[in-house]
Amino acid sequence: MIVLFLIGGMLAGMAVPIQTSINAKMGRVVGSPYLASLISMIVGTMALLILSLAIDHRVMFDTGAFYTHPWWIWFGGGLLGVTYLTSNILLLPRLGAALTVVITVCGQMIMAICIDEFGWFGVPVHELDIPRLIGVLCMLSGVFLMRKF
Amino acid sequence: MKKKGSLLIILFLAWGLGAGMVSPVQTAVNARVRTAVGSPLIASLISFFVGALALVPLTLLMDRKLTFDPRVIKTSPWWLWIGGLLGVIFVASNILLLPLLGAALTVVSIVCGQMVIAMLIDHFGWFGVARHPINWPRLAGLVLLIVGVLLVQQF
């Protein structure tokens with residue numbers, strides 16, 4: 001069963017570089033990488049609208065949540081998503097697909113370690129240890145090899 | 001000239017590192033929205049909707065237009081327009097897999113999938129990407145990345 005889920009994870013991962021490559025090409029066709037990002041987000045929004053209605057039978061939520069949660073959560077995720085998506089579209093034609101994936105994964109791991117180390121966003125503190133440090137060094141060597149050859 | 005080119009690449013790599021750093025923060029923020037609205041799908045919907053809204057002024061600012069020649073819809077392949085669906089598949093799978101596999105295995109399997117397909121895209125030059133054949137050092141780089149992700153996620 002777990003093998004099935006792992007394959008599911010790999011397939012989901014494959015969606016990302018394909019999306020970025022498609023969006024980079026769309027950027028050339030419509031004459032603007034930002035417009036390509038926008039079209040991609042609108043298509044995604046519409047798909048999620050249908051999915052939310054189909055699975056949760058609603059798209060609304062208790063507006064009381066606006067008062068009980070910090071204000072930045074409502075647009076933080078979307079703005080960060082735009083930064084990630086648009087950067088990927090701009091970088092892929094310049095770095096190639098593999099190097100773009102490798103460098104953004106490095107950034108993700110470094111940030112994940114920082115979040116754990118300092119317990120940001122209410123995550124339990126998990127200190128940086130030697131194996132994690134070796135892990136980061138491995139990844140950076142991987143970037144070096146990809147960049148060189 | 002060559003020196004200027006490699007300086008530019010370093011700049012792009014730093015940019016990519018920064019863009020990657022944004023991703024776990026987004027996940028953390030979206031997890032809070034998910035608890036607030038009581039549905040992972042509605043949380044993703046809010047995230048995509050806000051993203052689309054933010055891209056309208058950004059596109060106007062950078063390229064001074066929001067429309068494109070509609071003739072390109074006929075002359076381009078259909079799959080050009082469905083990139084956003086792949087983004088949704090990615091988000092939804094993440095949400096579904098996380099409780100089944102745990103954080104470490106979810107990240108590792110996703111990164112493996114990303115690397116494999118990215119190498120193939122470069123190797124064959126799919127979707128109009130510049131061709132960059134697979135070779136041993138690149139494969140070694142891939143293995144190092146996966147080992148690195150495993151070490152960071154397991155400890």
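Let's start with the pairing of chains: 96 residues of chain A are in contact with 97 residues of chain B. In contact means that the C-beta atoms, placed from the backbone, lie within 7 Å.

A word on the model. It is predicted: local features need pLDDT of at least 70, side-chain atom pairs count only at pLDDT 80 or more, and totals for chains, interfaces and linings use all residues. Residues are numbered from 1 along each chain as its sequence is written, and chains are lettered from A and ligands numbered from 1 in the order in which they are written.

Back to the side of chain A that touches chain B. Two or more residues each come from helix 1 (2–30), helix 2 (33–56), helix 4 (73–95), helix 5 (97–118) and helix 6 (130–148) of chain A. Helices here are DSSP runs of H or I, at least four residues, numbered from the N terminus. Helix 1 of chain A gives the largest share, 21 residues. By type, this side holds 61 nonpolar, 29 polar and six charged residues. Nonpolar covers Ala, Val, Leu, Ile, Met, Phe, Trp, Tyr, Cys and Pro; charged covers Asp, Glu, Lys and Arg; the others, Gly among them, are polar.

Now, inside chain A. There are two parts: domain 1 (15–95) and domain 2 (96–149), with bounds from an automatic or database domain assignment. Their C-alpha centres lie 24 Å apart. Seven residues of domain 1 are in contact with seven residues of domain 2.

Which helix of chain A gives the most to the side of domain 1 that touches domain 2? Helix 4, with four residues. That side divides into four nonpolar, three polar and no charged residues.

Note on methods. Contact = placed C-beta atoms within 7 Å.
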